[in-house]
Amino acid sequence: MKAFLFLVYIALGAGAGWAAFTYGGYELQFAGIGGALITLALGQAHLFISGGRDESIDTQLADVGAAQDSSSRRIDVLEARTDAVETTVKHELTERRDALVSEMKQLEGLIERLSDSFEARLTGASETGINAIPGNGAMAVGRPVPVDAALRDVKSALDDARVDLHLQPIVSLPQRRVSFYEGLTRLRREDGSLILPAEFLDAARRARLLGIIDTLTLFRCVEIVRRLHRKDRRVGVFCNISGTSLDDDQFFPFFLDFISQHRDLSGAVIFEMRADRFEQRSRQMRENMDKLAALGFRFSLDHASTLALDLPRLQDAGVRFVKFDGGQLIDQLRDPKGPRPTSSILAQISGEDVSAVFSRYGVTMIAEKLEDEAGVVEILEYGIPYGQGHVFGSPRPIKASLMEETAPPSDFRRRISTFG
């Protein structure tokens with residue numbers, strides 16, 4: 001481009017010299033010198049202008065480079081601050097979780113001591129006169145003693161059908177879509193106050209009333225599932241069943257007959273029991289579980305304390321869900337040498353692969369007792385597919401109108417009362 005411009009300048013200089021010789025009357029020598037001077041002047045002007053432009057561009061490029069360097073430094077500072085904030089937040093969350101776990105352990109210890117004390121008092125009372133607790137509520141005693149208050153409340157609630165069902169959602173992760181509900185049994189006193197499981201389970205077990213409670217709860221779960229399926233057939237209900245009911249050879253045939261009439265709901269009603277009770281099940285309990293599995297029903301284990309579960313054994317028993325305490329689960333998954341399930345995989349299983357190994361045997365992991373968003377974030381890192389806890393929703397009683405609609409009829413209550 002520059003060569004072309006210089007040719008133009010030479011042509012202009014030559015043209016000017018020719019014009020001076022032809023029209024200006026100058027001699028050829030002076031006309032040629034004048035044209036050359038014009039050519040040189042144009043060339044110098046061009047060089048001066050282009051040089052100024054190049055210097056300006058260089059200056060601008062230098063400014064852009066300096067701005068880029070400044071931006072890079074700012075980004076580095078922001079990244080450093082972000083890392084520091086993230087580290088601080090994780091540290092605070094860990095401290096809070098550890099403090100909460102410590103408080104929960106202290107509370108559990110206190111409850112356990114109170115329970116032991118209560119059992120000791122009951123034992124002492126038994127040794128001083130209580131021989132049995134007949135089904136009609138009377139006590140055979142060596143000397144007059146007051147009727148056990150907890151048992152009196154339980155029998156009163158059963159007689160008047162004050163057995164309520166509370167539902168707590170179980171959501172898929174990370175979508176948080178409600179996929180299941182857990183049906184929780186709550187008894188009510190005459191004044192309307194609730195009798196929590198910690199208050200009535202022991203008394204009901206001693207009086208062989210757990211089968212009745214389980215059946216009344218199951219009746220409501222079945223009715224709730226049928227109503228849920230009118231809107232979404234994908235939603236199921238976890239229905240708690242005690243090992244005592246599964247181990248009762250007199251009561252279980254009635255329970256099996258009732259659930260056989262609703263085997264069309266086998267994909268939506270999941271029977272749930274404690275993991276430690278499953279590990280200690282008797283031959284009778286295994287056989288009764290097999291009968292339910294033959295009808296297509298599945299089982300869930302809750303309060304699982306360790307990942308070291310025998311997955312082929314769970315698969316053969318029809319166990320399709322296992323619930324773990326969210327905090328304990330994270331601690332075990334984080335530990336490279338922590339407990340791992342028994343499976344056909346011989347290599348050490350990483351925490352990120354544990355959920356996939358469970359799924360390989362048709363067993364789905366559920367993280368329960370999730371109380372805050374920090375716990376949810378940690379669970380998501382390990383691909384746990386379902387979550388349950390107050391962060392997703394607390395147990396809530398079904399509506400009063402629905403409570404009436406799903407109440408067991410009087411003839412049904414009379415039939416199961418014969419097993420008390």
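**View 1. Ten phenylalanines in one aromatic cluster.** In this predicted model, a single aromatic cluster is made up of Phe219, Phe251, Phe252, Phe254, Phe255, Phe258, Phe271, Phe297, Phe299 and Phe412. If you go looking for aromatic pairs, the tally is 15.

**View 2. Phe219 and Phe258, a stacked pair.** Here the ring centres of Phe219 and Phe258 are 5.9 Å apart, and their planes meet at 25°, so this pair counts as stacked; the cut-off for that label is under 30 degrees. The two residues come from distant parts of the chain, 39 residues apart: Phe219 belongs to helix α5 (residues 210-228), while Phe258 belongs to helix α7 (residues 252-260). Is Phe258 buried or exposed? Phe258 is buried, at 7% relative accessible area. Phe219 is buried too, with a value of 11%.

**View 3. Phe219 again, now with Phe412.** Phe219 also makes an aromatic pair with Phe412, and this one is tilted: the planes sit at 45° and the centres are 5.0 Å apart. Phe412 has a relative accessible area of 7%, so it's buried.

**View 4. A lysine over a ring.** Which ring does the charged end of Lys323 sit over? Take a look at Phe238: the charged end of Lys323 lies over that ring, 4.7 Å from the ring centre.

Terms used. Residues numbered from 1 in each chain as written. Predicted model: local features only at pLDDT ≥ 70, side-chain atom pairs only at ≥ 80, totals over all residues. Heavy atoms only, no water. Phe/Tyr/Trp six-rings, centres within 6.5 Å; stacked < 30°, edge-to-face > 60°. Helix = DSSP H or I, 4+ residues; strand = E, 2+ residues; numbered from the N terminus. Buried < 20%, exposed > 50% of the residue type's maximum accessible area, 1.4 Å probe, protein only. Lys NZ or Arg CZ within 6 Å of the ring centre and 35° of its normal.
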